Amino acid sequence: MSYITKPKVKWSGRQTNELGLTLADYEGGLSTLCAGCGHDSITAALVKAFWELALKPEQVIKLSGIGCSSKTPAYFLSGAHGFNSVHGRMPSVATGAQAARRDLIAIGISGDGDSLSIGFGQFAHAVRRNLNVLYIIENNGVYGLTKGQFSASADPGSKTKKGLENRNQAIDPVTTAISLGGSFVARSFSGDKEQLVPLIKAGLRHPGCAVIDVISPCVTFNDHEGSTKSYAWTRQHLHAAIETDYVAPSTEIEVDYAEGEVSDVELHDGSVIRLKKLDQDFDPSSRAQVLGHLAAAHERQEILTGLLFLNEDLPSLHTIQGTSRKPLSRFAFDELNPGAAALKTLQEGMR
Amino acid sequence: MATGNAQINDFVLKIATVNGSGSASANGLLMKALFRMGIPVTGKNLFPSNIQGLPTWYEIRASREGYNARVSRVDVMVAMNAQTYARDLAEVGEGGYLIYDSTWPRESQLQREGVHVLGIPLSGMVNANFESARVRTAAPIRTLMKNIAYVGALCALMQIDREIVRKLLEETFAAKPKLVEPNFKAVTLGYDYAREHFDCPLRVRAAPMDGTGGKILIEGNAAAALGCLYAGATVGAWYPITPSTSLMDAFENFCNKFRKDPETGENRFCIIQAEDELAAAGMVLGAGWAGARAFTPTSGPGISLMSEFIGFAYYTEIPAVFFDIQRVGPSTGMPTRTQQCDLMTAAYASHGDTRHPVLLPSDPKECFEMAVAAFDLAERLQTPVFVLSDLDIGMNEWMVDELEWDDSYRPDRGKVLTDEDLTRIDQFHRYLDVDGDGIPYRTLPGSHPKGSYFVRGSGHDQYGRYTEDADEYQQVVDRLRLKWQTAKTLVPDAVLRSARGHTDVGIIAFGSSHGATVEALDRLAAEGVDADYLRLRAFPFGKEVEKFLDQHRLVFVLEQNRDAQMRGLLMLELDADPDKLISILHYNGLPVPSDVIVESVTEHIRQGAVA
């Protein structure tokens, strides 16, 4: 969580949106994540998406849990109210906030550790209730803050920096969200701004729970044997007075490829993931077909990206609840209190 | 049969039934009939944690003096459960009565000197007069009518007004008037049988009086729910748990009655059944942060799960109201039995240095009033507030003064900066102590951009920014301690009831122990033992509690838990002298009777502790 205020740099010719705001007006504090972290790329995509949609920052609430991903709400939209809650429980806080103020645009940022382990239940129920929130999972397969334990999305066979092999199955947030009856489920890659920005914009506009699983490489993977920037190498070659943490600076990974294409992306640790952008004729409305596509892609060791599933007709939380269109916390007290006379009448039945 | 001195309007009528046999409405009918006769009554459910089939009891105490505590004495037992005959017979006091279903005669078995056993062939009568159809509930009509028939028998035996019973049946079945006659027929069957076979009325009986004017019968959970409604709470999140569930059920019913937009039918409330207590607490915090009055009803196990969020709300200063309807612990304990065992848990819930205001209602009327007070306190202090009720108050019907509402009431929303305020000021600092009372100003989401800030459970400075700086961290937690001092001036005062003469003996009690304490004080006074009584109504303790401890040489502290948690709190918070504080503890899961207090105090007198 940054406590360093990002300087507002003004220059002539900067672009403004419909509200007369610049991109800088949608930024937040300075990131304290490792240089090269995919999460920072997602932050940049968020800034761009909010700016392009010309949303008033104060009309947005941004919420998160605990973890590297959950730090990111501090790095965008400094004009919005933020809520960094407890581990895995962002969805419930977002639910309460939405219950009180349905007029505000809610964005929840979570991670694979936050949402797929400790918060798996809350993630599932936010999807089940079709809470009106843009729910981004910044997915890197690892616990960064506690130094590299597997998360529930880590693939079987992957190794920790200590060389331990993951033998558990991975939980895929996308197939999970679709199975749970999600109304908007997408996947993207942190470095693919071309795809990610429009997905975020669509997710913000979706009147229900928009889940975007964003694969986001972690630079601390960059610790394999032979690397000159590994922990081991650093310890051997530096003579520090005290032993401390060191994360080698790196550059964020970016990709750019067209719909229907497959792109191999090399991560910081040298491993490769194979992303495939959906074809234009892909039908995201059939749950069975989408799950079939995802399974086939998994067999081919490809990761499908794009808007994978959409059901705009699914009623959202407030529709199901029959809640007033006027936000609940905006009602005047007189509109809520039945008054002394009603209490008297009510008590006639208690004698 | 009506031998000896008549015992009028001062009796315990206990009904032993099988859980799930539909006796609740018959028992409620009996209690309400006595109430309408003007006789002060209380009813207590003693039921198992089970769906059906196990023994369950309902105790009605009539007290012309208006005492409402449980009495460990039974004058008239209606034994409808063969499994517990022996136990039920043993419980009846000398000269008391046991009524049972003699369709299967058991007089040879049900014998005890000094107890009158009255057999009424309830099942036989009902079977002969009703078809075995199912009505309304899953139980066959004969089973239901068997219960109504013993109501009729008691009308004859105890002089309970049969016309009032008829009126109550008409009100109960206002929507289904066809059910009135069959029910009254069952009443008459029982009534006529008793008149024909026994010498009515019994020595123990009812007589009209005027002890219930201006009173109502209500459960604590329903009253608390009304308090939430009247306080303007709009968001309720919960996870079902005995004995708090009926609070949210009642809130939903009241909201459906009073909070629907008359034109659109839209709800001016949002009640969410969460996936667990953790989520319920998160929802309350989210809503409280966003400016709604939000609450959750739960019990001890729920508070355990919510503790992480409770500490978070304390440190980030978010208003939230938690109703803890206490049940027997530890762990799952006895979910359908009562205790006052979550005091320590509520007072210091969560890790780190945390303290929370706790309100201690003594009856349903105070559940109503303290629910409203809890929302005001939570917003004024920007902190979680607990209303610590218990199963006895929450799930039993109590006779209380009619609830009152002052239409000039306006909620205390505390220090919330409006858009106009934010435009006017230079800068907003979330956790700065501007007024010197330890309470900072807050803004609500969606307000002026100048008001935006980040809620974070990690170390933060007085501006709300992340910090690990030693001094900046300490500045915030020291201010929270100052806020605690302010809380002492805002919570409800303890109530003092002075003895007639001077005494240096005091009794401290709180919550559902109040009724037993009042009765015990009267009984002790009649024996020449005077004691002042301080009824605690909140934590933190105010000055009046310190004064009471100072002014008394010996203070009995009555509480319904094993480990003397309130005594511990008094010692911890007020540095009270442990030698001065004598515990009276009652923790078997049943509501405390006055005998426990009387016996404990007189025992000390006998030992010379009280001069």
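Me: Which residues of H1(B) are buried?
Reply: This is a predicted model. In it, the buried residues of H1(B) are B:Ala26, B:Asn27, B:Leu29, B:Leu30, B:Met31, B:Ala33, B:Leu34 and B:Phe35.

Me: How far apart are the end C-alpha atoms of that helix, and what span should its 13 residues give?
Reply: The ends are 18 Å apart. At 1.5 Å a residue, residues 24–36 should span 18 Å, so the two values agree.

Me: What comes just after H1(B)?
Reply: B:Gly38, with a positive phi of about 90 degrees.

Me: Switching to the sheet. What is the strand order in chain B?
Reply: S11-S10-S12-S13-S15-S14-S21, an open sheet of 7 strands with mixed pairing. S11 (270–273) and S21 (538–539) are the edge strands, each pairing on one side only.

Me: Which helix packs on it, and what does that helix touch?
Reply: H9 of chain B, residues 277–289, touches S10, S11, S12 and S13. Its direction makes about 160 degrees with that of S12(B).

Me: And S13 with S15, how many bridges?
Reply: 7, and the two strands run parallel. B:Asp324 stands opposite B:Leu388 in S15(B).

Me: Now the cores. How many residues are in the largest nonpolar one?
Reply: 150. Those with the most contacts inside it include B:Phe295 and B:Phe323. Helix H12 of chain B, residues 364–381, gives the most to this core, with 10 residues.

Me: What about a second core?
Reply: A separate one has 60 residues, among them B:Ala33 and B:Phe173. B:Ala33 is also one of the buried residues of H1(B).

Definitions and conventions:
Residues numbered from 1 in each chain as written. Chains lettered and ligands numbered in written order. Predicted model: local features only at pLDDT ≥ 70, side-chain atom pairs only at ≥ 80, totals over all residues. Heavy atoms only, no water. Helix = DSSP H or I, 4+ residues; strand = E, 2+ residues; numbered from the N terminus. Expected span 1.5 Å × (residues − 1). Buried < 20%, exposed > 50% of the residue type's maximum accessible area, 1.4 Å probe, protein only. Pairing = 2+ DSSP bridges. Contact = heavy atoms within 4.5 Å. Axes fitted to C-alpha atoms, helices over the stretch in contact; angles between N-to-C directions. Core = buried A, V, L, I, M, F, W, Y, C linked by side-chain atoms within 4.5 Å.
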